[in-house]
There are 4 protein chains.
Amino acid sequence: MNRKIRMGMVGGGRDAFIGGVHRIAAQMDGRIELVCGAFSSTPQKSKLSGKDLFLPPERVYGTYRDMIRKESKLPEGERMDFVSIVTPNNMHYPVAMASLDGGFHVVCDTPMTVNLDEAQNLERKIEATGKLFCLTRNYTGYPMVKEARELVAKGKLGKIRRVVVEYPQGWLAERLEASGQKQASWRTDARFAGVSCCMGDIGSHGHNLTEYITGLRITEVCADLNVFVNGRTLDDDGSVLIRFDNGARGVLWASQVAIGRANGLNIRVYGDKGTLEWDQEEPNSLIVRWPNKAAEVRRTAMAGISKAAASAARLTAGRPEGYLEGFANIYASFAAVVAQTIDGKAVDETKFDYPKVRDGVRGMFFVDTVVKSSASESKWLEVPE
Amino acid sequence: MNRKIRMGMVGGGRDAFIGGVHRIAAQMDGRIELVCGAFSSTPQKSKLSGKDLFLPPERVYGTYRDMIRKESKLPEGERMDFVSIVTPNNMHYPVAMASLDGGFHVVCDTPMTVNLDEAQNLERKIEATGKLFCLTRNYTGYPMVKEARELVAKGKLGKIRRVVVEYPQGWLAERLEASGQKQASWRTDARFAGVSCCMGDIGSHGHNLTEYITGLRITEVCADLNVFVNGRTLDDDGSVLIRFDNGARGVLWASQVAIGRANGLNIRVYGDKGTLEWDQEEPNSLIVRWPNKAAEVRRTAMAGISKAAASAARLTAGRPEGYLEGFANIYASFAAVVAQTIDGKAVDETKFDYPKVRDGVRGMFFVDTVVKSSASESKWLEVPE
Amino acid sequence: MNRKIRMGMVGGGRDAFIGGVHRIAAQMDGRIELVCGAFSSTPQKSKLSGKDLFLPPERVYGTYRDMIRKESKLPEGERMDFVSIVTPNNMHYPVAMASLDGGFHVVCDTPMTVNLDEAQNLERKIEATGKLFCLTRNYTGYPMVKEARELVAKGKLGKIRRVVVEYPQGWLAERLEASGQKQASWRTDARFAGVSCCMGDIGSHGHNLTEYITGLRITEVCADLNVFVNGRTLDDDGSVLIRFDNGARGVLWASQVAIGRANGLNIRVYGDKGTLEWDQEEPNSLIVRWPNKAAEVRRTAMAGISKAAASAARLTAGRPEGYLEGFANIYASFAAVVAQTIDGKAVDETKFDYPKVRDGVRGMFFVDTVVKSSASESKWLEVPE
Amino acid sequence: MNRKIRMGMVGGGRDAFIGGVHRIAAQMDGRIELVCGAFSSTPQKSKLSGKDLFLPPERVYGTYRDMIRKESKLPEGERMDFVSIVTPNNMHYPVAMASLDGGFHVVCDTPMTVNLDEAQNLERKIEATGKLFCLTRNYTGYPMVKEARELVAKGKLGKIRRVVVEYPQGWLAERLEASGQKQASWRTDARFAGVSCCMGDIGSHGHNLTEYITGLRITEVCADLNVFVNGRTLDDDGSVLIRFDNGARGVLWASQVAIGRANGLNIRVYGDKGTLEWDQEEPNSLIVRWPNKAAEVRRTAMAGISKAAASAARLTAGRPEGYLEGFANIYASFAAVVAQTIDGKAVDETKFDYPKVRDGVRGMFFVDTVVKSSASESKWLEVPE
């Protein structure tokens with residue numbers, strides 16, 4: 001390919017948070033450039049946001065429908081190649097469907113949709129259109145997460161027996177939504193967030209990280225979701241006993257009322273040959289434990305780590321990489337497959353390491369089943385596929 | 001009191017592990033001295049062990065029954081004041097019953113008994129005899145555990161919402177009992193260990209630590225116990241969803257197959273005003289988290305900690321205290337109440353900070369209910385009192 | 001400004017490391033774009049590198065002289081606004097001088113020059129041309145380094161008494177240059193590296209970080225430099241006693257033979273009211289210690305940190321930022337002042353927080369004096385200004 | 001031996017700190033018992049202290065001279081076997097001399113004496129009397145310090161190149177002695193503390209730990225001592241460049257004004273094959289680093305550690321040991337050699353791992369030379385032997 005891949009963005013205008021993350025991540029490696037956007041549901045705000053980003057005014061659209069329609073008419077190489085969706089959750093589905101119908105590949109922020117029906121419809125649409133779809137489950141982009149996955153895949157930990165995954169956050173420990181804070185307001189409102197707040201928003205990352213690292217599938221759950229802050233209807237905390245397709249067992253818990261914790265996603269995987277431990281807040285270390293030996297601390301870009309982990313690092317050892325670099329790795333893998341598509345090559349999407357629609361559907365099944373389990377007298381519920 | 005308190009010991013002969021721990025812990029503060037013992041079920045081994053300990057031969061007994069009978073006949077001040085029981089678990093009950101009947105106070109290693117019936121009988125016996133009883137749930141002896149308890153008791157963390165307590169060990173990750181290793185053999189054998197291996201041996205410490213720190217009671221459980229190593233009948237791993245009498249929720253899990261972990265008991269308590277975190281393997285730190293502020297690291301013997309924590313430390317700040325000092329704190333509290341009894345004072349045992357028979361009974365109820373829950377289709381089982 | 005700032009690059013072609021770092025850092029915030037470059041001393045390699053970067057062929061130059069000459073003739077707004085110099089060290093000076101003479105602002109990788117004469121000439125040239133100059137002492141770009149600086153500047157730590165700054169690396173523990181490894185070869189060769197290897201390359205970062213955080217100046221040194229690997233002529237390790245203009249004292253040491261350490265720059269500052277500790281390999285934590293209180297762990301983007309630190313973070317709390325983000329903060333500050341210059345505003349460069357030529361000159365004086373001190377029988381040598 | 005070893009104590013009465021540490025440490029393993037003492041320079045206080053310790057009144061003496069005289073007249077096996085000296089520093093020398101003259105072995109708290117003359121006289125006296133002498137440089141008693149020493153001794157780290165040893169404390173950051181605080185008062189007073197406060201009190205521990213672990217000798221120093229708190233005459237902080245007999249170099253610094261640090265002795269040793277790091281405040285971990293491999297965390301009592309380290313641990317892995325256990329290891333080694341002496345065996349004292357008079361003399365030479373160096377214009381001073 002002799003040009004950059006061209007990205008259009010929906011959402012992510014002034015005051016938004018995750019849109020900026022996507023722009024940095026997408027453009028970090030110099031293979032993707034932002035060429036157009038519909039940055040806000042308020043057309044004037046979209047214009048101003050486009051100006052902030054130094055986009056030509058004619059490529060800044062008032063609505064995503066306008067963007068899709070007009071971009072479709074531009075010649076290949078000038079028009080956007082894919083749409084990045086960074087709107088509030090309830091808009092993911094309609095924008096994704098319209099983008100796919102318009103002939104564009106899609107990158108979509110998490111969670112994929114607000115309910116299972118949408119998720120399954122979206123999966124069918126992707127199959128029907130043959131377009132590429134990337135869900136930014138960004139925590140799988142960290143080099144040491146890839147090292148963890150490799151350790152399991154190569155059998156170094158042996159058969160996996162136990163997994164413990166935690167996701168403590170504290171920002172909803174009080175009723176922040178009552179103050180009108182935007183992020184809190186929509187996440188705690190079933191109309192925008194769907195059937196779950198805590199499990200949908202962050203528990204689902206735990207689910208995805210677990211399945212990514214272990215290569216296993218969570219098949220049964222027994223959940224106890226909680227609403228600790230008065231006035232809420234959706235869960236702000238919860239614990240889940242989990243069972244895996246290989247017989248492994250474990251625990252997944254997440255909380256948005258864990259005071260003093262910012263974004264403490266962490267995982268421990270115990271196999272019959274070894275153990276690994278990883279914590280998102282210090283993502284450059286991976287602790288590996290063996291029987292009757294000293295524990296190891298593996299570090300990003302260190303000599304001797306797997307090729308998958310090494311190639312996910314941009315820097316040499318001792319130069320810490322962070323959230324944005326992990327996020328950028330998702331875009332980099334997606335860019336690689338888009339480039340091949342543009343070059344007219346037949347692609348085997350499964351060989352590219354980024355989360356896809358199936359991950360999104362699995363996540364929705366998980367959250368949906370967890371919510372049902374919490375309300376159920378039955379001990380174990382199966383997670384459908 | 002113008003003399004040391006006099007301890008007799010049952011068990012703890014050559015090759016035993018925990019007996020030596022009790023001897024060091026009991027005698028650390030110079031208020032207790034070992035005066036006699038029946039150190040082994042093999043009389044000759046008991047004799048040799050007594051000699052190692054520089055005891056006069058006439059105070060080294062061949063059987064605990066012999067010891068109790070003969071010591072009873074010695075004058076007060078010469079005879080032992082209490083019996084420390086450090087035998088395999090299945091002997092705790094008969095030795096304790098005999099000691100109480102013989103008129104002696106008792107210190108007993110954990111778990112208290114191998115089943116609930118014994119535990120309840122023992123409780124009744126203690127009530128009937130009016131003797132003092134101390135169960136060495138030693139992890140509550142650490143200064144920073146006491147600081148944690150004070151933080152909760154004083155309301156600094158607010159209302160407790162979530163507790164996560166973990167106890168990973170890795171030493172039973174393979175079938176060690178097949179090699180004849182003694183510790184592994186009796187712990188995995190229902191005749192000596194009772195209804196549970198992992199939950200009975202270590203999960204019960206997690207239960208006790210949780211109730212000690214939070215001042216709450218675990219009232220309902222939903223458990224999933226596992227047997228990962230072939231050939232075992234008792235659990236070597238398990239996870240439990242827990243509910244508390246104040247509405248708090250959480251997770252307790254324990255494992256003896258967590259490779260590379262030695263003795264990783266740790267707890268996190270989340271209240272509506274703050275959070276605390278403590279880890280037994282680095283017991284001199286207590287992390288405390290507040291909303292919108294930097295996390296704090298409190299340290300053993302540091303200026304500004306609670307009186308309860310400060311008085312549980314023997315050293316000045318920066319001089320780490322360990323497992324033996326925590327263990328010794330249990331004996332020190334017990335010695336204080338025994339001394340008052342010897343001096344003829346009326347004692348209110350509840351004012352002395354050491355684990356008592358009720359803690360032991362509660363632990364047995366917990367383990368028993370967890371085992372039943374794991375086998376049950378019902379989601380929640382109540383923990384009786 | 002209604003356009004991006006336009007960057008030309010000298011050096012950083014295929015196989016180079018730091019050029020890629022500069023490109024990511026410069027472009028991370030969407031205010032700077034790479035428009036041209038002379039990426040290699042081999043013109044053909046420069047062309048291929050420009051193609052990798054999707055630059056138009058006419059803006060990819062064979063030599064930096066060619067680039068400066070031709071870009072000068074383009075109209076403002078089309079031509080580059082500044083030159084980023086990422087060549088081997090010995091080329092920093094000639095490229096910087098030519099760029100300034102050509103009317104361009106300059107960003108220059110560290111160390112600024114290979115000797116003191118060049119450094120002082122460059123400073124005079126900058127003064128003469130009135131152009132802007134930024135030296136990428138990138139470690140000062142980390143949010144928690146800015147928090148540290150604010151703590152000192154606001155007097156929270158009181159009068160500074162002691163500073164300990166360390167920079168252990170292990171990559172030169174063996175004679176890597178003998179294998180032809182490029183980075184090792186020029187750094188250990190006085191023709192390219194100047195009077196020092198270890199102190200020049202990394203000790204100088206320690207010097208800069210120290211003066212940045214404390215606001216003090218190192219005025220006297222007593223050094224002991226070492227050559228541990230046979231066959232080397234320049235230092236690969238060294239320790240320096242340091243004295244500051246306010247009477248504070250301390251130690252700076254650096255090593256390239258500290259096996260197992262990747263890039264362990266760290267600093268501790270002890271004042272008469274408090275202490276701070278920061279470690280580049282876990283850069284999102286700043287430990288602050290107070291008398292008779294628990295230690296604090298401040299984290300990037302946490303509530304309650306200084307404005308300087310908060311505005312240097314791109315993400316919300318709990319999302320770790322790394323080396324590239326810190327590096328990008330240097331470019332962001334430089335971009336802000338360049339933008340004002342382009343807009344024709346009078347700028348007070350001192351109000352913009354990035355390392356300038358004076359920092360580079362100070363660093364050269366420090367390294368030069370340390371080398372002299374190590375060879376001297378006199379105990380203390382003054383560091384000239 | 002068929003009895004315990006009998007210890008007399010000088011100093012350590014009510015209100016003293018270190019005396020209690022010695023009593024716990026000495027008696028921890030059940031081989032030593034306290035049989036008599038002169039606990040205070042105030043006879044009445046000595047009596048009360050003896051009563052606290054349940055000693056028979058006739059074995060509690062008003063003065064150490066009295067104790068030595070009267071104990072000498074008791075039969076062997078009844079009289080004390082050795083004297084433990086835990087007085088203020090200035091009394092170490094006269095008590096030790098009198099004890100040796102009285103025919104008793106000696107254990108002495110650190111620092112050994114208040115000046116070099118005393119130290120050398122004491123060394124000569126020990127040689128002349130043939131008695132055993134143990135200096136409680138207790139930090140060498142930690143199991144992981146022994147593991148560190150073994151790593152070096154076995155050549156695992158290769159040739160040692162660099163050592164960095166630090167000892168930050170913060171308790172003298174203000175003029176505590178002005179409040180009459182006893183520990184601060186004598187340590188900052190040359191009459192009791194000798195030529196140095198900080199270097200004598202804690203820097204000397206750093207010196208000893210360094211030589212113990214590395215097996216090397218510090219042969220040259222270049223020091224910069226500081227007095228940061230107004231009104232003091234002795235150093236409360238200082239840094240020293242150090243050179244070793246094998247060509248290794250490094251830094252030793254110590255401070256009593258490092259606010260927020262309690263007792264932060266730590267050491268790092270860099271060899272040409274590997275690196276080790278140990279920190280007294282978390283003494284159960286030893287970090288070992290290798291080229292191009294993950295760092296290792298070795299833990300007390302872990303499988304696979306050296307025999308020397310394993311036998312210095314009383315507990316199984318995961319049960320943390322602390323300051324008292326390390327201290328007790330010093331007494332345990334001393335007890336072993338005393339026992340052999342009592343049994344009439346010829347002993348080779350060098351085979352027993354505890355600090356001896358030579359360590360004390362070396363420490364005094366070190367402190368003395370450091371003080372001279374700090375006052376000198378010459379860069380390097382040799383440390384005499």
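This is a predicted model: local features need pLDDT of at least 70, side-chain atom pairs count only at pLDDT 80 or more; totals for chains, interfaces and linings use all residues.

Reader: Okay, so take H9(C). How many of its residues are buried?

Author: 17 of the 17 residues of H9(C) are buried, so this helix is largely enclosed by the rest of the structure.

Reader: Where does H9(C) bend, and by about how much?

Author: The bend is at C:Ser204 and comes to about 30°. End to end, helix H9 of chain C (residues 198–214) reaches 23 Å from first C-alpha to last, close to the 24 Å expected at 1.5 Å a residue.

Reader: And what follows H9(C)?

Author: C:Gly215, and its phi is positive, near 70°.

Reader: Let's jump to H11(D). How far apart are its end C-alpha atoms?

Author: They are 29 Å apart. Helix H11 of chain D covers residues 323–342, and its 20 residues should span 28 Å at 1.5 Å a residue, which agrees. H11(D) is mostly covered, with 14 of its 20 residues buried. Just after H11(D) comes another glycine with a positive phi, D:Gly344, at about 85°.

Reader: Sheets next. What's the strand order in the open sheet of chain B?

Author: The order is E2-E1-E3-E4-E5, five strands with parallel pairing. At the edges stand strand E2 (32–38) and strand E5 (133–135) of chain B; each has a single partner strand, so one side of each lacks a neighbour in the sheet. From one strand to the next, the twist averages 25°.

Reader: How many bridges are there between E1 and E2(B)?

Author: Six, with strand E1 of chain B (residues 5–10) and E2(B) pairing in the parallel sense. For a landmark, look at B:Gly8, which stands opposite B:Cys36 in E2(B).

Reader: Which helices of chain B lie on those strands?

Author: Helix H1 (residues 18–27) of chain B is one of them; it packs on the sheet and touches E1, E2 and strand E3 (82–85), with its direction at about 150° to that of E2(B). Helix H4 (residues 92–101) of chain B lies across E1, E3 and strand E4 (105–108), running at about 165° to E4(B).

Reader: What about the open sheet in chain D? What's its order?

Author: Chain D has five strands in the order E2-E1-E3-E4-E5, with parallel pairing. Strands E2 (32–38) and E5 (133–135) of chain D are at the edges, each with a single partner strand. In that chain, strand E1 (residues 5–10) pairs with strand E3 (residues 82–85) over four bridges, and D:Val10 stands opposite D:Ile85 in E3(D). Helix H4 (residues 92–101) of chain D lies across E1, E3 and strand E4 (105–108), at about 165° to E4(D).

Reader: Last topic, chain contacts. How many residues does the contact take from chain B and from chain A?

Author: 33 residues from chain B and 33 residues from chain A. On the chain B side, strands E6 (160–168), E7 (218–226), E8 (237–244) and E9 (249–255) give two or more residues each. The largest share, five residues, comes from E9(B).

Reader: And by class, what's on that side of chain B?

Author: It has 14 nonpolar, nine polar and 10 charged residues.

Reader: How many residues does the contact take from chain C and chain D?

Author: 33 residues from chain C and 33 residues from chain D. On the side of chain C that touches chain D, E9(C) gives the largest share, five residues.

Conventions. Residues are numbered from 1 along each chain as its sequence is written. Chains are lettered from A and ligands numbered from 1 in the order in which they are written. Two residues are in contact if their C-beta atoms, placed from the backbone, lie within 7 Å. Ala, Val, Leu, Ile, Met, Phe, Trp, Tyr, Cys and Pro count as nonpolar, Asp, Glu, Lys and Arg as charged, and the others, Gly among them, as polar. Two strands pair if DSSP finds at least two bridges between them. Axes are lines fitted to C-alpha atoms, for helices over the stretch in contact, and angles run from 0 to 180 degrees between N-to-C directions. The expected span of a helix is 1.5 Å times one less than its number of residues. The bend at a residue is the angle between axes fitted to the seven residues ending there and the seven starting there. A residue is buried if 20 or more other C-beta atoms lie within 10 Å of its own, exposed if 12 or fewer, and partly exposed in between; C-beta atoms are placed from the backbone.
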